[in-house]
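I opened my notebook on a structure that is new to me and wanted its overall features written down before anything else.

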Amino acid sequence: MIIYLLVVLIFFIGLYGIVAKKNIIKIIVGINIVGYAINLLFIVLGYKWEGMAPVLTREVEVSEFYRRAVDPLPQALVLTSIVIDLAFLAFLSALAIRLYEKYATFDMDKIRRLRG
Amino acid sequence: MNLIVMPVVIYLGASFLVPLLFRRDGEKACLAACLFTILGLAVSVLLAVRVFPGGRLITYAGGWENPMGIALMADGLSVLFLLVTNLVSLLVLLFSATYMKRYTGTVNFYVLVLLMLAGMNGVLVSMDIWNIFVFFEIASLASFVLVAFGLGAEEMEASLRYTVMGFLSSVFILFAMAMIYGLTGTLNIPDFAREVSCLPQSHLWFIVSLFIAGFGLKMALVPFHSWLPDAHSTAPAPVSALLSGIFVKVIGFYCVMRISLNVFGHVAQVKTVLLLLGSLSMVVGGVMAYGQKNIKRMFAYSTISQLGYCAIGIGIGGYLGCLGALMHFIGHAFSKSLLFLSAGAVEYMEGTSESEDLRGINDRMPFTTLVSNLGMFGIAGVPPLGNFWSKLIIILAAVGAGYTGIALLCILVAVLTLSYFLRLLRTAYYSRTEGKKEKREVPVSMLAPMFALGAVVLLTGLLLLPPVRSIILDGAVRVMKDFSYRDLSVSVIAE
């Protein structure tokens, strides 16, 4: 249970970074932390204490495999999710650099030509 | 050949082929993109022929059956969305052949549009919740880049806000998916829908609220709308047309519809939330649109307002509510993309889209003014056009279901919509100008797609005629009203 609370804690730290911070770089860091929180949640959902890698070899009994092997599906999902996060990170960093060239600041409050 | 995967395969393949074949040649890339979109449209028509008489096509990717395989499904509703998506994007691509010449690196533009189309078509045919997530992330990422395509300061600023909000919405949806997987151990929508009734109420509401927050952000319902006006008004005109015309509806409206109607099955609380958010966005969007000086910004707020009608339609439910929401979606998809294209045409010739700087567009660009009129009347709901009937149906449904207040709000916002469009027409399009009146119409290659869209807008009114309705709309409405994923038996595999 405590590990789920940890996930929620990380999630809210990241959310705080996105919502409250004004610096674009800090917002990007917040975005990454939120992404990691969700990835961690997926991994924790599939995890078993004293677990083993879900690879069935000749040495492993099927019953023991069933009892101990961790769920491989969340790991596959997290791999996909990491790739998507990477795309977000790359795009946002490029955008931040280009915005710095235009506005000479990372402050979200000063990057505000659009109104209404 | 498996027909259901084709809409995804065509566009994904195209988005890899086009940059390889035409590295610098934007015109050929545009031609190729149009050809692939025609192919996509043809596949959707073929799917429509198979699906519209009733029933649905289901297939499993790679031939692996239920627990392992990824399920894809095409039924009346998703095929209707496929048709509208592919038709609108074909015409928008034709328009951008000329319009995008002002930009550099246009090959990238067509690649990103194809990628976005692959994502949207993927969302429409998926029956696996993770698959839907991956596809809408593909579409969203492409749309973030497309908004910043011009690399101007404002475009990048809008794209930054849009990206951060888009990421937040994805995170909410991902959180809900993690909850679903943890509680039920499946990501297949029919399996999950069967397990829903066994879940504890508190968990269920948590998941539903995460989904509504996530897809509400994508659909720009009012408390979550702040990104839409920036993103849709600063992007290049074809991108605005795609985003406002189909993207928010496929990623937002369609997913909200599937989740609230077909997965959780007409739960009263979800409907109340949709009615509330729908009325709120209808009114706030309308009022904000009234105060806008920039043409494209006004159209963007009007999108929020009109999406409110769609949300109200599904919130009311029943035959009339669903029919109204669906017709409103179709009418709005065509008229709003037409409007954004015409605003792009005005910007192309006049160099600005601020309504104060524009005077007497009609004197210089009579044909563009004509199609703009058509688009504005199409959205405002002037009688023979489709959105008049859809608004009427939604109002009747609201009265019939006992929501008289909402019906009154719908009428008020319809009047408000007509008034801000008429004001715009009077100040920017039909005002008198001094000096010489030289014709400066946009080239025919831009006019023709706009006229084609205008013709479709004119035809949307015919959707309500009984023979047309029973072929095109009734299947989709039946899906919205009666279908639930939990009734889908695992062994039913067509094809």
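My entries follow, from confidence to fold, extent and surface.

I noted that this is a predicted model, in which local features need pLDDT of at least 70, side-chain atom pairs count only at pLDDT 80 or more, and totals for chains, interfaces and linings use all residues. Residues are numbered from 1 along each chain as its sequence is written.

I looked up pLDDT, the predictor's confidence in each residue from 0 to 100, and found a mean of 89 for chain A, with 98% of its residues at 70 or more.

I then listed the secondary structure, taken as DSSP runs (helices H or I of at least four residues, strands E of at least two), and recorded 4 helices and 0 strands in chain A, in the pattern α-α-α-α along the sequence. Chain A is more spread out than a compact globule, because its radius of gyration (over C-alpha atoms) is 20 Å, well over the 13 Å that the globule rule (2.2 Å times the number of residues to the power 0.38) gives for 116 residues. Its C-alpha trace spans about 65 × 25 × 20 Å along the principal axes.

For burial (under 20% relative accessible area, with a 1.4 Å probe and protein chains only), I wrote down 37% of the 116 residues of chain A. Taking contact as heavy atoms within 4.5 Å, I found that residues 24 or more positions apart account for 50% of the contacts in chain A with a separation of 6 or more.

Note on methods. Chains lettered and ligands numbered in written order. Heavy atoms only, no water. Buried < 20%, exposed > 50% of the residue type's maximum accessible area, 1.4 Å probe, protein only.
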